[in-house]
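Please open the model in your viewer and keep the selection tool at hand. The tour below moves from one selection to the next and says what can be found at each stop.

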Amino acid sequence: MPPSAPPPRRPPAAPPTPAAAAPASAPERPELLATLLAQKAVTPEQAERARRAARLGNVSVEHALLQGGLATEVQIAQAVAAHAGLPFARLNPLDLDLDVVTGALSGPFARRHGIVAISKANGVLTVAVHDPWAPFPADEIKQKTGLELRRVVATRSDIEAVNKGFYDLKTSLTTAQKQLESSRVSNVDLGNQEFLSASTDELDPAAAPVVRALDHMLTYAFEQRASDIHFEPKRELTLVRLRIDGVLHDVHVIPKIVYQALVSRIKLLSGCNIAEKRRPQDGRIKREQGGREVELRVSTMPTAFGEKAVLRIFDPDILLKGVDELGLSPRDLPRFYEFIARTDGILLVTGPTGSGKTTTLYSILKYLSRPEVNIVTIEDPIEMVHEDFNQVAVRPQIDVTFANALRTVLRQDPDVIMVGEIRDAETAEHAVQAALTGHLVFSTLHTNDAPSSVNRLLDLGVPHFLITSTLIGVLAQRLMRVNCAHCSEQHAPTREEAAELALPEDAMTGVLFRAGRGCLECRQTGYSGRDGIYEVMAMTERLRQLVTDRAGANEIHKAARAEGLRTLREAGVEKVFRGTTTVAELVRVTGRAH
Ligand SMILES: Nc1ncnc2c1ncn2[C@@H]1O[C@H](COP(=O)(O)OP(=O)(O)OP(=O)(O)O)[C@@H](O)[C@H]1O
Ligand SMILES: [Mg+2]
Ligand SMILES: [Zn+2]
């Protein structure tokens with residue numbers, strides 16, 4: 001007799017599966033798709049496609065959406081947040097406090113759980129998660145920090161970026177601090193070139209953290225599109241600040257002892273004399289950043305609490321704008337092209353420091369660059385190395401000045417010459433001579449508006465007849481911040497705005513301006529990036545006559561106006577009407593109307 005079959009065993013009760021424990025075959029999360037649909041982030045067809053792709057590929061809906069390019073990470077994270085009933089947050093590293101992030105959760109812990117601590121206030125720690133349904137180690141965190149917890153949803157990339165950069169920087173800084181404090185030798189060795197050699201591999205282990213810390217700071221500055229990095233030594237600490245779109249932001253605070261090693265490293269890399277600490281020095285660092293060669297211009301200066309270092313970033317991608325991208329209005333652009341189509345004469349760009357003059361000149365040179373054209377630049381210093389130009393750096397120490405470099409250059413048969421700046425009579429004279437002898441010359445002058453350049457040239461001793469026979473035109477320029485693409489909204493002009501623009505009522509009816517509300521993308525400023533505004537003055541027959549007649553800047557200005565010159569302010573107003581920027585920014589850059 002066959003043994004009786006054992007009674008069928010009941011299948012074990014399915015263990016409760018927390019959503020997050022779901023393996024690769026992640027839940028379909030129909031609610032997520034519903035939310036994305038409701039937010040109009042995806043069309044019904046796209047939702048259906050994602051659903052099918054997820055099922056076929058045995059991947060999560062999120063993954064399918066991203067893979068298929070059906071929704072962005074931000075859209076998904078926003079939908080996830082809405083669906084989980086949590087706030088959504090973009091993580092802006094600039095707003096995060098290094099010590100809060102790295103102090104609350106350990107690096108490995110944060111990475112393991114895909115979370116990051118973003119702020120601490122009133123006994124509450126805010127933690128960003130990318131998957132609100134994943135198990136959240138709330139008890140562990142509470143126990144360790146003694147804080148209440150609040151969760152927000154952020155994208156996985158944002159969280160990973162912070163988890164990577166911040167912990168590495170913190171580790172580098174603290175390791176450097178510990179090592180520097182414990183070893184007396186280090187203070188002596190800071191002046192030793194080998195100690196801080198360029199490669200991390202063959203490095204004295206004591207230097208590696210400093211090297212890494214600087215590396216992180218530089219990478220970070222590039223990611224934030226900073227134009228300058230300031231290291232400002234205070235009594236106890238050194239403040240690190242970034243200039244972004246012309247405005248300074250505090251980003252890090254580093255211990256003094258680490259800064260001393262850091263500034264030695266900066267000086268070493270930039271070819272400065274490490275031992276010299278009492279004199280200002282200049283240097284440059286070449287660096288590979290995201291596959292591009294980027295240059296940092298370093299300047300150090302002794303201050304009461306140590307050497308202040310400023311690193312200016314020259315990113316060829318930003319420096320080399322196309323002529324069409326500079327911000328010239330459609331009305332001025334054709335005139336601008338006429339100027340640079342000439343084969344001889346002189347074109348001047350004017351504006352205060354940082355108004356974009358060099359950028360404009362480089363853009364022109366790039367536009368003119370052809371194999372049969374010999375382009376020579378004389379600069380102080382060379383801001384961006386371009387292989388199509390022959391560039392000479394001014395170095396007064398060895399008697400290479402603008403003036404005598406220009407003299408030498410003229411013997412080398414140039415077609416186009418860029419003189420970084422005309423600031424003395426001798427340079428002015430040579431520049432004008434060059435223009436007179438069949439060369440196209442570009443240079444900059446420090447004047448406020450285009451018409452006063454004529455006076456400036458006269459002050460520099462250029463005679464009237466040489467101005468009239470060589471000057472093609474003058475551009476005055478400024479940079480205005482541009483409304484953030486992520487948070488700018490339309491609004492009817494306010495009464496204050498209308499008053500500032502001093503425009504008649506009917507010119508405003510139906511007009512809508514734009515302004516940024518402020519968001520994480522723009523660091524709550526409402527602006528992101530900058531754009532040039534230009535005053536384009538062509539030296540016409542009438543203007544030449546006025547110069548010959550010894551007319552003053554006022555008269556020249558009036559005549560130029562009559563011939564169609566638009567002021568900087570008018571160029572700015574046009575940008576306000578186009579919704580590119582705001583009245584407030586117009587006022588900041590060009591001053592009040594009256
Ligand atoms: N048209 C533009 N649009 C956006 N950003 C610009 C533009 N022109 C220049 N910039 C940025 O503004 C900063 C200053 O520009 P630039 O060095 O050309 O000014 P500058 O007038 O030559 O200054 P300086 O007087 O110090 O020589 C740079 O970071 C540059 O990338
Ligand atoms: Mg310049
Ligand atoms: Zn914004």
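## First stop: a threonine

Select Thr155, which counts as buried because its relative accessibility is 3%, below the 20% under which a residue is called buried. Bear in mind throughout that this is a predicted model. Thr155 belongs to the loop that runs between strand S3 (148-153) and helix H8 (156-182). If you display its side chain, you will find one of its polar atoms 3.1 Å from the backbone nitrogen of Asp158. Setting aside neighbours within four places in sequence, the residues in contact with Thr155 are Glu73, Val74, Ala77, Phe88, Arg90 and His130.

## The whole chain

Now zoom out until the entire chain is in view, with its 24 helices and 18 strands. Along the principal axes, its C-alpha atoms fill a box of roughly 125 × 70 × 50 Å. Of the 594 residues in the chain, 48% are buried, and the accessible surface comes to about 29300 Å², with 51% of it belonging to carbon and sulfur atoms.

Which residues have the most contacts inside the largest nonpolar core? Select Leu65, Leu105, Ile229, Phe231, Leu242, Leu262 and Leu311 to see them, within a core of 80 residues. Staying with Ile229, and leaving aside neighbours within four places in sequence, you can pick out its contacts with Leu218, Ala221, Val240, Arg241, Leu242, Ala309, Val310, Leu311 and Ile313. Apart from this core lies another, of 53 residues, which includes Phe402, Ala435, Val462 and Leu466.

Val419 sits in strand S13 (residues 416-419), and it is buried, with a relative accessible area of 0%. To relate it to another part of the chain, select Ile382 as well, which is 37 residues away along the chain and whose C-alpha atom is separated from that of Val419 by 11 Å.

## Two aspartates in loops

Next, select Asp413, which lies in the loop between H15 and S13. Is Asp413 buried or exposed? With a relative accessibility of 57%, Asp413 counts as exposed, and its phi is near 55 degrees, a positive value in a residue other than glycine. Asp399, in the loop between strand S12 (390-393) and helix H15 (402-410), has a positive phi of about 65 degrees although it is not a glycine. Asp399 counts as exposed as well, at 53% relative accessibility.

## Ligand 1

Finally, centre the view on ligand 1 and show the 18 residues around it, of which Gly354, Gly356, Lys357, Thr358 and Thr359 come nearest. This shell divides into 4 nonpolar, 8 polar and 6 charged residues, and helix H14 (357-368) and strand S18 (527-538) each supply at least two of its members.

A polar side-chain atom of Lys357 lies 2.9 Å from an oxygen atom of ligand 1, while an N or O atom in the side chain of Arg530 is 3.1 Å from an oxygen atom of the ligand. At Leu326, a backbone N or O atom lies 3.1 Å from a nitrogen atom of ligand 1. Taken alone, ligand 1 exposes 630 Å², and the protein buries 86% of that.

Note on methods. Residues are numbered from 1 along each chain as its sequence is written. Chains are lettered from A and ligands numbered from 1 in the order in which they are written. Side-chain values use heavy atoms; hydrogens and water are left out. Helices (H or I, at least four residues) and strands (E, at least two) are DSSP runs, numbered from the N terminus. Buried means under 20% relative accessible area, exposed over 50%, partly exposed in between (1.4 Å probe, protein chains only). A nonpolar core is a set of buried Ala, Val, Leu, Ile, Met, Phe, Trp, Tyr and Cys residues joined through side-chain atoms within 4.5 Å. Contact means heavy atoms within 4.5 Å. A residue is near a molecule or strand if one of its heavy atoms lies within 4 Å of it. A polar contact is a pair of N or O atoms within 3.5 Å; within protein, one must be able to donate a hydrogen and the other to accept it, and residues adjacent in sequence count only if both atoms are side-chain atoms. Accessible areas come from the Shrake-Rupley method with a 1.4 Å probe; for residues, only the protein chains shown count as cover. Ala, Val, Leu, Ile, Met, Phe, Trp, Tyr, Cys and Pro count as nonpolar, Asp, Glu, Lys and Arg as charged, and the others, Gly among them, as polar.
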